[in-house]
Amino acid sequence: MSEQTQDHQSLISKAGFETRAIHAGYEPDPTTGAVIPPIFATSTYKQDGVGGLRGGYEYSRSANPTRTALEGNLAALEEGERAFAFASGLAAEDTLVRSTCRPGDHVVIPDDAYGGTYRLFDKVERAWGVEHTPAPVSDIDRVRAAIRPGQTKLVWLETPTNPLLNIGDIEALASVAHEAGALLVVDNTFASPYLQQPLTLGADVVVHSTTKYAGGHSDVVGGALVVRGHDLAEQVAFHQNAIGAVAGPFDAFLTLRGLKTLGVRMDRHCDNAEKVVEFLTEDRRVDSVIYPGLIEHPGHRIASRQMKRYGGMVSFRVSGGEEQALAVCERTEVFTLGESLGGVESLIEHPGRMTHASVAGTALEVPADLVRLSVGIETVEDLVADLDRALG
Ligand SMILES: *Cc1c(COP(=O)(O)O)cnc(C)c1O
């Protein structure tokens with residue numbers, strides 16, 4: 001990087017969120033002036049003499065310029081020291097565990113963790129010798145009690161959680177983790193860095209499934225880690241290269257393209273979610289609405305403190321039990337029946353039979369009359385009319 005480029009990126013790193021989203025991590029190409037980073041579809045790089053690397057690139061598992069641009073952008077958005085892009089959210093999570101834990105270590109995870117995260121700890125990390133204890137994110141005393149002093153290396157937090165949208169206090173849990181010599185990891189997939197920046201509240205690592213709001217268009221699977229602290233960054237950098245579950249250049253390009261509009265998309269997701277919540281709360285065919293923006297939500301006060309707004313995810317329980325919940329999911333025409341979340345299009349799903357079917361009969365089981373919405377950025381009147389029709 002030239003001095004001028006460094007000065008410019010340093011100015012951008014102190015700018016507002018949307019300015020960082022659009023400019024951080026990449027400077028127009030000095031030879032062509034290309035404003036957008038090209039998709040560097042190359043595995044290797046010509047060396048000027050043995051070991052003479054132009055621009056520091058040697059082999060694309062280790063580093064690739066399109067991925068570097070995405071990583072620089074993510075680091076700026078989360079206000080972290082460095083970011084690392086992976087092939088999926090779960091690849092990022094596994095790399096983090098291997099960067100920070102050894103067989104015999106222990107991790108505290110949310111008792112309503114994302115299903116894939118739970119499976120990773122239960123079936124993969126456990127077989128490697130890393131044990132876990134589930135604890136509710138909204139109960140600090142129970143998280144503290146789950147910590148095994150000297151053995152617990154990570155306290156893993158999701159906030160809001162999926163699909164019950166429980167809220168954990170990032171600042172308080174960072175203190176609890178640090179008192180025990182553990183790191184606080186926050187899966188920030190649901191909030192996105194636009195609504196919440198865990199590293200500024202004391203967290204050590206942010207995890208993302210960039211598949212969701214970061215990418216934002218349901219057209220790419222990816223993951224990321226953003227870390228605070230030089231030593232931790234070095235550990236993760238080593239393991240990213242040693243394990244190799246990296247984001248490819250085309251995926252990195254799409255994710256970076258999505259991030260540029262994160263702020264405007266999230267504001268519209270929130271506007272639409274608020275109007276959908278207003279409609280559902282007043283409707284007699286709905287039993288209860290779960291949204292951290294509601295004053296009666298048990299995590300509302302903490303969410304107000306640590307989030308800019310309350311996000312695009314809404315869950316509700318219908319009157320009439322499971323049968324009616326399934327019928328609602330199958331009757332919508334604008335909301336698409338499907339898993340995943342965070343794209344511009346609205347999605348509806350029945351957690352009990354779909355995303356959370358694997359936890360039936362366990363402590364993680366969700367109510368049978370629960371419906372989850374990922375509220376998209378369509379015309380909100382169409383979304384409300386669709387739900388009105390589907391409720392029958
Ligand atoms: C989807 C998701 C993941 C896993 O990410 P993939 O990109 O699907 O591997 C992790 N955490 C949360 C909260 C998610 O929603």
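This is a predicted model: local features need pLDDT of at least 70, side-chain atom pairs count only at pLDDT 80 or more; totals for chains, interfaces and linings use all residues.
**Contact between the domains**

- On the side of domain 1, 34 residues are in contact with domain 2, and 39 residues of domain 2 take part in return.
- Three residues, Tyr-194, Leu-195 and Tyr-213, supply 26% of the area that domain 1 buries against domain 2, which is more than any other three residues.
- The rule for polar contacts finds 15 residue pairs across the interface of domain 1 and domain 2, with both residues at pLDDT 80 or more.
- At least two residues of the side of domain 1 that touches domain 2 come from each of the helices α2 (17–23), α8 (192–195) and α10 (249–259).
- Helix α8 gives the most to this side of domain 1, with 4 residues.
- By residue class, the side of domain 1 that touches domain 2 has 18 nonpolar, 11 polar and 5 charged residues.

**Salt bridges**

- The search of the whole structure finds 22 salt bridges.
- One of the salt bridges joins Glu-234 and Arg-82 through their side chains, with an N to O distance of 3.6 Å.
- Glu-234 lies in helix α9 (residues 230–243) and Arg-82 in strand β1 (residues 82–86), so this pair ties together parts that are 152 residues apart in sequence.
- Asp-169 and Arg-305 also form a salt bridge, and their closest N and O atoms are 2.7 Å apart.

**Ligand surroundings**

- Asp-187 places a polar side-chain atom 2.7 Å from a nitrogen atom of the ligand.
- For Lys-212, a polar side-chain atom lies 2.7 Å from an oxygen atom of the ligand.

**Backbone geometry**

- The peptide bond between Thr-159 and Pro-160 is cis, with omega about -5 degrees.
- Pro-160 belongs to the loop between β4 (152–158) and α7 (170–179).
- Another cis peptide bond joins Asn-162 and Pro-163, where omega is about 0 degrees.
- Pro-163 is likewise placed in the loop between β4 and α7.
- Ser-192 is not a glycine, yet its phi is positive at about 70 degrees.
- Ser-192 lies in helix α8, the helix that gives the most residues to the side of domain 1 that touches domain 2.

Technical notes. Residues are numbered from 1 along each chain as its sequence is written. Side-chain values use heavy atoms; hydrogens and water are left out. Contact means heavy atoms within 4.5 Å. Buried area is the accessible area (1.4 Å probe) that two parts lose on being put together, summed over both. A salt bridge is a side-chain nitrogen of Lys or Arg within 4 Å of a carboxyl oxygen of Asp or Glu. A polar contact is a pair of N or O atoms within 3.5 Å; within protein, one must be able to donate a hydrogen and the other to accept it, and residues adjacent in sequence count only if both atoms are side-chain atoms. Ala, Val, Leu, Ile, Met, Phe, Trp, Tyr, Cys and Pro count as nonpolar, Asp, Glu, Lys and Arg as charged, and the others, Gly among them, as polar.
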